[in-house]
Amino acid sequence: MADNSNAPVIIKRKKVIAGGGHHGGAWKIAYADFVTAMMAFFLLMWLINATTEQQRLGIAEFFNPTVPLNKISGGGSAMFGGDSVLEEQILAYSGAGGLPTSLKGQPEPVEFQQPGQGTDDGLEEGLAEIKDLLIGGGGESLLSDNLMKHVVTRVTDEGLVIEIFDSETARLFVEGAADPMPILLDLAELMSEVSNLVSNRVAVEGHVRSELITVRETQAWPLSANRADTMRQLLEIYGLETDRIARVTGHADREMVSNIPRDLRNNRLEIILLRSDR
């Protein structure tokens, strides 16, 4: 009979995995959260790229619970206030959407005064209606989707500022010159019509982006001034009275709206409907 006293001892160590089952499921929850976050991020990037600045502002206001449901008119006669957008003459002005009742037909120009506290609440009716007419605050905008990409409005101590700027797909002027592109003619005609809804004086200001450092002699000052004067001429051609022009100014690249000096967004015109005390 064989002696097994010197046989090697084999020890099996069984590895115990915590969680049991299918090796635990905590990683699946973390992965699902990651995928959801990435999907939300890409949706946000798409939304930013597919909308205009005015549309993004509207989306932001929608998610702000402190913003009222309507500024001037919500398009209803009940809880929202205002008139229906389906009233007569809604298609006569621009081919789409409705106008506030007070602006239908041939209204008498009104003059807006100094508002209280620098907010929309203190604005006179003419200024508030023009602002909403451009950005669609009353339901519809006079600007087509193509033109809306070039326009933003804001209220300052000086008055209502209507800012028109370059985009990657469409320029207001020929590069390096003051010759207007077709889209600027359309914008100038609309700005003239809007300006004639009030009797206030108008200021036109030109801004350009920074030039390349290799440029020997800067043309920013004369270029911005010439572009502002071109806009002044177009406004007058389309019906704005000459004596309503208060000033025409070129600011070169001294007042940029983008932190990137060469950003096209810095190429812009500002049409300011001045307050009566300016």
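Leaving aside neighbours within four places in sequence, Y238 is in contact with L185, A188, E189 and S192, where contact means heavy atoms within 4.5 Å. The C-alpha atoms of Y238 and A188 are separated by 7.4 Å, although these residues are 50 residues apart along the chain. Y238 is placed in the loop between helix 6 (220–237) and strand 4 (245–250); helices (H or I, at least four residues) and strands (E, at least two) are DSSP runs, numbered from the N terminus. With a relative accessible area of 31%, Y238 is partly exposed, a class that lies between buried (under 20% relative accessible area) and exposed (over 50%), with a 1.4 Å probe and protein chains only.

The structure is a predicted model, in which local features need pLDDT of at least 70 and side-chain atom pairs count only at pLDDT 80 or more, while totals for chains, interfaces and linings use all residues. Residues are numbered from 1 along each chain as its sequence is written, and side-chain values use heavy atoms, with hydrogens and water left out.

The secondary structure of the chain comes to six helices and five strands, and the pattern read along the sequence is α-α-α-α-β-β-α-β-α-β-β. Of the 278 residues in the chain, 35% are buried. Among contacts with a separation of 6 or more, 68% are between residues 24 or more positions apart.

A252 counts as buried, at 1% relative accessibility. Most residues other than glycine have a negative phi. A252 has a positive phi of about 55 degrees although it is not a glycine.

One aromatic pair is present in the structure. It is formed by F41 and F42 and is edge-to-face, at 5.5 Å centre to centre and 70 degrees between the planes. Rings of Phe, Tyr and Trp (its six-membered ring) pair if their centres lie within 6.5 Å, and planes under 30 degrees apart count as stacked, over 60 as edge-to-face and the rest as tilted. F41 is partly exposed, with a relative accessible area of 41%, whereas F42 is exposed, at 52%. Elsewhere, R265 lies over the face of F165, at 3.7 Å from the ring centre; a charge sits over a ring if NZ of Lys or CZ of Arg is within 6 Å of the ring centre and within 35 degrees of the ring normal.

F165 also belongs to the residues closest to the centre of the second largest pocket, together with T51, K149, S167 and E168, out of 16 lining residues. On a 1 Å grid over the protein atoms alone, a pocket is an open set of points with protein on both sides within 12 Å along at least five of seven lines, a cavity is a set where a 1.4 Å probe fits but cannot get out, and lining residues have an atom within 4 Å of a point. This pocket holds about 480 Å³ of space, the volume being the space filled by probe spheres set on the points, which are joined across faces, edges and corners. Helix 1 (26–50) and helix 2 (53–62) each supply at least two residues of the pocket lining, and the largest share, three residues, comes from helix 1. By class, the pocket lining has four nonpolar, five polar and seven charged residues. Ala, Val, Leu, Ile, Met, Phe, Trp, Tyr, Cys and Pro count as nonpolar, Asp, Glu, Lys and Arg as charged, and the others, Gly among them, as polar.
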